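I opened a notebook for this structure and went through it place by place. Below is what I looked up, in the order I looked.

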Amino acid sequence: MVSLRGSSDTRAIVCILTDKFKVSNNWVSHLSLATTTILGVAGFIFALKDGRFRNLKLFSASEKDDAFLVPGLQNLGNNCFLNVILQALASCKDFRSFLEWVIEDARDTVTGEMDQHFPLTFALSALLQELCTVGRRRSVSNPREVMLALTDYARNFNLTSQQDAAEALLHLISSLQQEIVFCYRPLQSSNLSDILFSRNLRMLAPSEGLHGLMELKRWHKHLRGPFDGILGSTLMCRTCSSQISLEFQFFHTLPLSPLLHSGGSNIMFGCTLENCLKKFLDTEKVENFFCHRCWHGAALKYLSVIGAPETDIEKLRNCGGDDQCDCKTSHFLERMPWSNSYSHILKQLIISRFPKLLCIQVQRASFNMYGESYKLTGHIAFPLVLDLSLFAPSPIGLNKVEGIQMSSKYQKAEASRNSDNLYRLVTVVEHFGITGSGHYTVYRSVRVASQEEEEEEEEECEELRWFSISDSEVSRVSESDVLGAEASLLFYERV
């Protein structure tokens, strides 16, 4: 179908129709017919433009809707890796809201010019708002202010040479946290030492009472951004049914390895994002690990069999079985047969806290037998809506961590909120080329207010549209185009 956009398009149609009539021997009759036909078609076109055939839908109005575009970004010298991250963050509503909240909250606590205290936060917030502007004309924004502010924090990360996009995201997030922590101070606290952290990364209130809880809540918002999740690592022995360790750490991105063919050079056909998540969270056996509890149990049986003194047996029985005891020094245990293979040690990762914005990094870089890096090629199927309910942790075993009690009611409430585990795809980053070089492009979703006329009544509604962006070049694409990308980074936002 053809869309009417103006007089230039009308003249183009007339020219096309004119070319269809070639001059022949009986050119007079043809010329008469051509003239009549052209005048009729021209009148019909102008009648359509005047709205006289409103119910006759021979022409599509999609061109008018497709004219909506988002701004592109200038490439200031090999910085496509940063441009795709900025475009991705522009589609993350929770991240934009976080920056706005930090700026608004800091007005009550910081004196002086705000842009001097928060240069990166201000520059980034302004640029992301600009990238969210939808218009009918092509526009290109400049990331220079963000790059200058980021350079002050990531001095060893060259923003004008080819870099990894995932690494750029981590530098940007850590630089923002560094800026916020340096500039922000609690209302009633003199310095950062008033905020205490436990070994398992849990914040402790600086003081007791209502004021301490309010300060703790403010610090949670500042230091736990929308990309911050908590990853737990548990080590268990199935032989003696003991939990050896349980550790936690923050994460900003989840690095997932794809399923590979037997040769290991390409991604397995039919590999899905859920397969990669399952592989990441699956238990793995730890070889040659010394389990102290298994050893103490075996030692106790060995002393009983050889008839060792009761004092030695009682000492071993009362021992806690940790790695700091001196039970091994007993001369009765020097000849005890032991092998670490007697213990069956398993390690498993759990996502203890899901972030508001989940960034998944598909690890496509690999190494061959000669230590040379190469890129894993192949498609990994990913959904528009990701359900992480199957990967949510069980509350069993997490009730007590290093002396900190967790309410069982709180855990049940968290586990029952299945809607918190639903995520919507907002951005896909794709890399072209080999490891260490190439070009990044991004698919980002934008909600556009569309207008539909029905019987002279206008109705406004929001429509989700996808755009393909390569630096300054922007074009509209379909969902099928997005789902067919060989993703390197996937950005999901909690529904």
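**Entry 1: N421**

I looked up N421 and found it in the loop between α14 (408-416) and β16 (422-432). Helices here are DSSP runs of H or I with at least four residues, strands are runs of E with at least two, and both are numbered from the N terminus. The model is predicted, so I note that local features need pLDDT of at least 70 and side-chain atom pairs count only at pLDDT 80 or more, while totals for chains, interfaces and linings use all residues. Residues are numbered from 1 along each chain as its sequence is written, and side-chain values use heavy atoms, with hydrogens and water left out.

Is N421 buried or exposed? N421 counts as buried because its relative accessibility is 8%; buried means under 20% relative accessible area, exposed over 50%, and partly exposed in between, with a 1.4 Å probe and protein chains only.

I then listed what N421 touches, leaving out residues up to four places away in sequence: F354, L386, D387, L388, S389 and A392. Contact means heavy atoms within 4.5 Å. F354 is 67 residues from N421 along the chain, and the C-alpha atoms of the two are separated by 7.6 Å.

**Entry 2: β20 and its partners**

Seven bridges join β16 to β20, and the two run antiparallel. Two strands pair if DSSP finds at least two bridges between them. In this pairing T427 stands opposite F491 of β20.

Strand β20 covers residues 487-494, and seven of its eight residues are buried. I also found five bridges between β20 and strand β10 (residues 357-362), again antiparallel. Which residue of β20 is the bridge partner of C359? The partner is F491.

**Entry 3: T253**

C359 came up again when I looked at T253, which touches L169, L170, C359 and Q361, not counting residues up to four places away in sequence. T253 lies in strand β7 (residues 253-256). Its relative accessibility is 11%, so T253 counts as buried.

**Entry 4: a four-strand sheet**

I traced an open sheet of four strands in the order β6-β5-β9-β8, with antiparallel pairing. β6 (242-251) and β8 (284-286) are at the edges with a single partner strand each, so one side of each has no neighbour in the sheet. From one strand to the next the twist averages 30 degrees. Axes are lines fitted to C-alpha atoms, for helices over the stretch in contact, and angles run from 0 to 180 degrees between N-to-C directions.

Three bridges join β8 to β9 (residues 345-353). K285 has L346 of β9 as its bridge partner. I noted that helix α11 (residues 273-281) packs on this sheet and touches β5 (229-237) and β9. The direction of α11 makes about 125 degrees with that of β9.

**Entry 5: helices around α7**

Helix α5 (residues 93-106) packs against helix α7 (residues 119-131) at about 135 degrees, with axes 10 Å apart. That angle makes α5 oblique to α7; angles under 35 degrees count as roughly parallel, over 145 as roughly antiparallel, 65 to 115 as roughly perpendicular, and the rest as oblique.

On the α5 side I listed F95, R96, L99, E100, V102 and I103, which meet T121, F122, L124, S125, L128 and Q129 in α7. By class, the contact of α5 with α7 has seven nonpolar, three polar and two charged residues. Ala, Val, Leu, Ile, Met, Phe, Trp, Tyr, Cys and Pro count as nonpolar, Asp, Glu, Lys and Arg as charged, and the others, Gly among them, as polar.

Helix α4 (residues 80-90) also packs with α7, at about 75 degrees and with axes 9 Å apart. That makes α4 roughly perpendicular to α7. L86, Q87, L89 and A90 of α4 meet L124, L127, L128 and L131 of α7. The classes in this contact are seven nonpolar, one polar and no charged.

**Entry 6: α12 and α13**

Last, I looked up helix α12 (residues 292-306) and helix α13 (residues 310-318), which pack at about 165 degrees with axes 10 Å apart. The two are therefore roughly antiparallel.
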